[in-house]
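Work through these exercises with the structure open beside you. Try each task before you read its solution.

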Amino acid sequence: MLQGITMNGKPLVYLDNGATTFKPQPVIDAVNYFYNNINSNIHRGDYEIAFKADQAYDHCRKTVAEFINCDEREVVFTYGATSALNTVAYGYARKNLKEGDVILLTRAEHASNALPWFRVAEETGAKIEYIELTPTGKMTLWNLRKAIHEGVRIVAIAAVTNVLGVKTPVREICRMAHKVGAVVMVDGAQSVPHTRTDVKDMDCDFLAFSGHKMCGPGGTGILYGKYELLEKMDPMLLGGGANARFDSKQNVILKEAPIMFEAGTPNIEGVLGLDAAIQYLMKLGMDNIESHEQELRDYLFAELAKLDNVTVYNPDGDSAIAAINVKGVFSQDAACYLASQGVAVRSGNHCAKMLVDVIGTNDTIRCSMYFYNDKADVDALIRALRTCTLENCVGVFF
Amino acid sequence: MADLLKDPMVLREIIMDHYEYPRHHALTNGHGYLRAHMASESCIDDIQVEAKIEDGIVRDVNFEGVACTISTASTSIMTELVRDKTVEEAREIMKNYFAMINGDPYDEDLLEEAVAFAGVSKQANRIKCATIGWHGLEKLLAESEKKDD
């Protein structure tokens, strides 16, 4: 996928997959197919290409259902994980929470799984509480047990955290949360692309993930919700396509879930591309992807440990994601130097702005890998890190 | 001096020196100072700039904060360049600095050590870094003129 792409005159080593991923040809072809052959709106047109677009769009719901093991009525198309998370915060939590109820998060959450809940808390009088994490961002069952109590109504948590790549014990969380009657919202943005996802086995109530982080087009995402919960939710957006009828006396009848959550013309071509992306991943096999990334993870951390000039914040991280800093060099300066060597990484706080309370640093370099990365990519990163001095970082400008 | 400021090695040293030993790198929070908190331009750099402007003259400029080499060093050099200049002179320096960062013609004599950042115009993602402190001062100059009205 990255064949032939260069950066600063060097072959691109793309290690920013936590931000977004490259797209395989079948995904690009699916988007092009829509524009070239069946460009039309869905669920409205009485002509052949519109019918074909309908079929292709609805087919993706089946593909997603197979991919995460749910019923296709439980699959809502969104514009990404962020809009899926906001849909639940707005449509479920805002409606059902009252003063004093508790929303449980961790300090490792991405802004998209924190800020919507902050607003729910502000508007309903609910309280935000946090499950304590170890200094490398891990969640122990003991800390989980301590955090869950009768007042908890919502647990919103990333299955894999976006900076440290830590896997959270989601199944345990769901089991314990359900015992006190709480609902669990899983942010799967960093887990679904990399590991087998089975919502029935996990027993989560809601799951959000993005298409573009798993080889799909931008502006696509999925909200999974147990159907009985989706039925109780308000849609965040109202408009065309999502209502059955309305009149001038303001009587409104919405369509049933999941369609009621998809007001407005959706990203049809994106959904077709997402279908192709999921099929591509399923063909590769999620277990194969995971074991390849585990091998990369082990190699990455073993090689990083050999460097004296690098601090690793998540040496026990579970994913092929390393959060590091070069000693004495600001993360953005280091990232620019790595870019000059052809290596693309992300610097900063990666939208996880509460994580400073856990790992004690505000900003890091995040190197995040995907199935198309290999050991040679790790070698290129390590070579660039070895020469990443303050002099060389400033030297980029001359 | 002018020749030295064409030597990339010297320019690199200037940036490193201002990063490792930033000048005027403590806020006085004193009476008569205007302050700008530049925290919303990027989510990494978080810089505060203060200035004392009296009778149309920039008497003092200081800054503080967490930032990369480019934002720290460019703000440090700025505090030296505009000190004791009139507001008009400071504006002229700024105008030339922003021109340089945008890759437009500029008067290098006015910018002195700040010419070290000329290369930033080729690194689009760092333009914010090289201008964050300068935009802070720009706000303060505007504020001081409003007060005078």
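**Exercise 1. The two domains of chain A**

Task: find how much area is buried between domain 1 of chain A and domain 2 of chain A, and what share carbon and sulfur atoms give.

Solution. The buried area is about 2600 Å². Carbon and sulfur atoms give 57% of that area. Buried area here is the accessible area (1.4 Å probe) that two parts lose on being put together, summed over both.

A note on the model: it is predicted, so local features need pLDDT of at least 70 and side-chain atom pairs count only at pLDDT 80 or more, while totals for chains, interfaces and linings use all residues. Residues are numbered from 1 along each chain as its sequence is written, chains are lettered from A and ligands numbered from 1 in the order in which they are written, and side-chain values use heavy atoms, with hydrogens and water left out.

**Exercise 2. Chain A against chain B**

Task: state the area that chain A and chain B bury between them, then name the three residues of chain A that supply more of its share than any other three.

Solution. The two chains bury about 1800 Å². Of this, 69% is on carbon and sulfur atoms. The three residues are Phe330(A), Phe397(A) and Phe398(A). They supply 38% of the area that chain A buries against chain B. The contact takes 16 residues from chain A and 22 residues from chain B.

**Exercise 3. H10 and H13 of chain A**

Task: describe how helix H10 (residues 286-305) and helix H13 (residues 375-386) of chain A pack.

Solution. Start with the angle: about 20 degrees, with the axes 10 Å apart. That makes H10(A) roughly parallel to H13(A); angles under 35 degrees count as roughly parallel, over 145 as roughly antiparallel, 65 to 115 as roughly perpendicular and the rest as oblique. Axes are lines fitted to C-alpha atoms, for helices over the stretch in contact, and angles run from 0 to 180 degrees between N-to-C directions. Helices (H or I, at least four residues) and strands (E, at least two) are DSSP runs, numbered from the N terminus. Then the hand: the crossing is right-handed. A crossing is left-handed if the near helix is turned anticlockwise from the far one by less than a right angle, and right-handed if clockwise. Among the contact residues are Tyr299(A) of H10(A) and Ile382(A) of H13(A).

**Exercise 4. H2 and H9 of chain A**

Task: give the angle, axis distance and hand for helix H2 (residues 48-68) and helix H9 (residues 268-284) of chain A.

Solution. The angle is about 35 degrees. The axes are 9 Å apart. H2(A) passes H9(A) in a left-handed crossing. Residues that meet include Tyr57(A) and Phe67(A) in H2(A), and Leu272(A) and Met282(A) in H9(A).

**Exercise 5. Two backbone details**

Task: locate the cis peptide bond between Ala257(A) and Pro258(A), and the positive phi of Asp84(B).

Solution. The cis bond has an omega of about 5 degrees. Pro258(A) sits in the loop between strand E12 (252-254) and H9 of chain A. Asp84(B) has a phi of about 65 degrees, though it is not a glycine. Asp84(B) lies in the loop between helix H2 (69-82) and helix H3 (87-101) of chain B.

Technical notes: Contact = heavy atoms within 4.5 Å.
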